[in-house]
Amino acid sequence: MGRLVAVSNRVADPRNMAAGGLAVALGEALRATGGLWFGWSGKIVETAQGGTPGEGELHLQHAGNVALATVDLCRDDHDAYYLGYSNGVLWPVFHYRIDLADFDSGHLNIYRRVNQLFARKLAPLLKPDDVIWIHDYHLIPLAAELRAMGCGQRMGFFLHIPLPPPPILAAIPQHEWLMRALFAYDLIGFQSQTDVEHFARYAQNEAHAEPMGEHRYRAFHRTVRAQAFPIGIDVDEFVALGKADEAQETYEMMMAQYHRRRLLLGVDRLDYSKGLPQRLKAFQTLLAEYPENRSSATLIQIAAPSRESVDAYADLRREMEGLSGAINGEYGELDWMPVRYIHRTTSRKRLPGLCRASRVALVTPLRDGMNLVAKEFIAAQDPDDPGVLVLSRFAGAAEQLKEALLVNPYDTNGTAQAIQQALHMPLAERQARHRKLLESIRAQDVHWWSREFLRTLEGMEGG
């Protein structure tokens, strides 16, 4: 294939495996083609270069044979593009939370302007045979801006978060403009088949797109292919991480400190999409309805800080602190704390040891594009004595991980029953479920994801 050009809101050194995420997913393909990775520098300048709004400085450097190109943003542009529109409108709506979206903020024009800025900075760096892979909701209109500048390269887009059904999408002011922008791509990748179905319904009902077969739809004088490419993890890398010193030390420490307890584990960002209050209430119900778990089961809930300047996140933090305090106050003993609530980021190097020491993982978001913690928990388990994954049916991972205990996180009693089942599941059943789950995450790991998306995009003709 031609040179891969990856575009994302943030750029990382693809040689740094510890960075996780896109660094692992894209590093292999970028290195294979001597590729280019483009995005925001992470630097906010109080006034843009030359005093002109939106004209941030371009920085070029190399990480091995991969070129890294990044652009600074001025404060006003960053706040409106990233905080205002991307995370104030698109994030809540795409996670089905219309009630939390700030539709009156007026940030849409700057969201467009920053995407135009990125297009102006990126276009001169492109070669005719480049294959361009653009990532996530921050950059939906980027292909349309590049097309308007005459760029005819193959362009793919991957949405890492969920796509809601048409009635929710249609709540976004000027949602038609967003849909038209998506049709500037040749290939759109989604996390799940559910997301693909939502796109197909929206495209046909709102944009009057014509189905062309083979996942293709035609509207606005362009044909786009929409397909599910569920993202995975690097299973072998995570297994190796679990054998390293920090993970082993964490495992041994947890086993020593909690040798009389059965551990339940939640690892999330503090975000309203993760279903954290509902999870604590389900655990509270478990203790109330199944008293044999008192002084026996301990929930360790890690909630990494996230956007704490936003009111909805500050409210969520207060609710979590109140719930964990109430549960501990009602059920705690001198030698047992039911909930260990930790509002800090945990080192990724320690995560495999924490997962392996846990009998149950609670991955119960109200809505999630994929959720890789579920897959990391599976990879970290001892196959001879594995833990059990309790997984929300509303996580994209649920389409693949059918051997997990699937729950409706809004159903407090049902989730508590599933946790009880997980805590008392026989060894043979745990082993059988884990074996199939491990096969699934190995079959569609992060390398499969990158390879399949790029193979599909490479084989397409421009729309």
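What follows is a walk through this structure, from a pair of strands and a sheet to one serine, the aromatic rings and the cysteines.

Keep in mind that this is a predicted model, where local features need pLDDT of at least 70, side-chain atom pairs count only at pLDDT 80 or more, and totals for chains, interfaces and linings use all residues. Residues are numbered from 1 along each chain as its sequence is written, and side-chain values use heavy atoms, with hydrogens and water left out.

Let's start at strand β7, residues 187-190. Buried means under 20% relative accessible area, with exposed over 50% and partly exposed in between (1.4 Å probe, protein chains only).

Who sits beside β7? Strand β6 (residues 154-158) pairs with β7 in the parallel sense over three bridges, and G189 is the bridge partner of F158. Strand β10 (residues 222-228) also pairs with β7 in the parallel sense, over four bridges, with A228 standing opposite F190. To count as paired, two strands need at least two DSSP bridges between them.

Further along, there's an open sheet of six strands with parallel pairing, in the order β13-β12-β11-β14-β15-β16. Its edge strands, β13 (339-342) and β16 (405-407), each pair on one side only. From one strand to the next, the twist averages 20°; angles run from 0 to 180 degrees between N-to-C directions, using axes fitted to C-alpha atoms (for helices, over the stretch in contact). Inside this order, β11 (residues 262-269) and β12 (residues 297-304) pair over eight bridges, and L263 stands opposite T298. Helix α13 (residues 373-380) lies across β11, β14 (360-363) and β15 (388-392), at about 170° to β15.

With a relative accessible area of 4%, S8 is buried. Its side chain reaches the backbone oxygen of R10 at 2.5 Å and makes a polar contact with the side chain of W37 at 2.9 Å. A polar contact is a pair of N or O atoms within 3.5 Å; within protein, one must be able to donate a hydrogen and the other to accept it, and residues adjacent in sequence count only if both atoms are side-chain atoms. Leaving aside residues up to four places away in sequence, S8 touches L22, W37, F38, G39, W40, H135 and L139, where contact means heavy atoms within 4.5 Å.

F38 turns up again among the rings, in a cluster with Y81, Y85, Y111, F118 and W177. The whole structure has 19 aromatic pairs. Take Y85 and Y111: their ring centres are 4.7 Å apart and their planes are at 40°, so the pair is tilted. Rings of Phe, Tyr and Trp (its six-membered ring) pair if their centres lie within 6.5 Å; planes under 30 degrees apart are stacked, over 60 edge-to-face and the rest tilted. Y85 is in helix α2 (residues 75-94) and Y111 in helix α3 (residues 108-122), so this pair ties together parts 26 residues apart in sequence. Both tyrosines, Y85 and Y111, are buried.

Finally, the cysteines. C151 counts as buried at 10% relative accessibility, and C355 does too at 1%. The structure holds zero disulfides, a disulfide being a pair of cysteine sulfur atoms within 2.5 Å.

Definitions and conventions. Helices (H or I, at least four residues) and strands (E, at least two) are DSSP runs, numbered from the N terminus.
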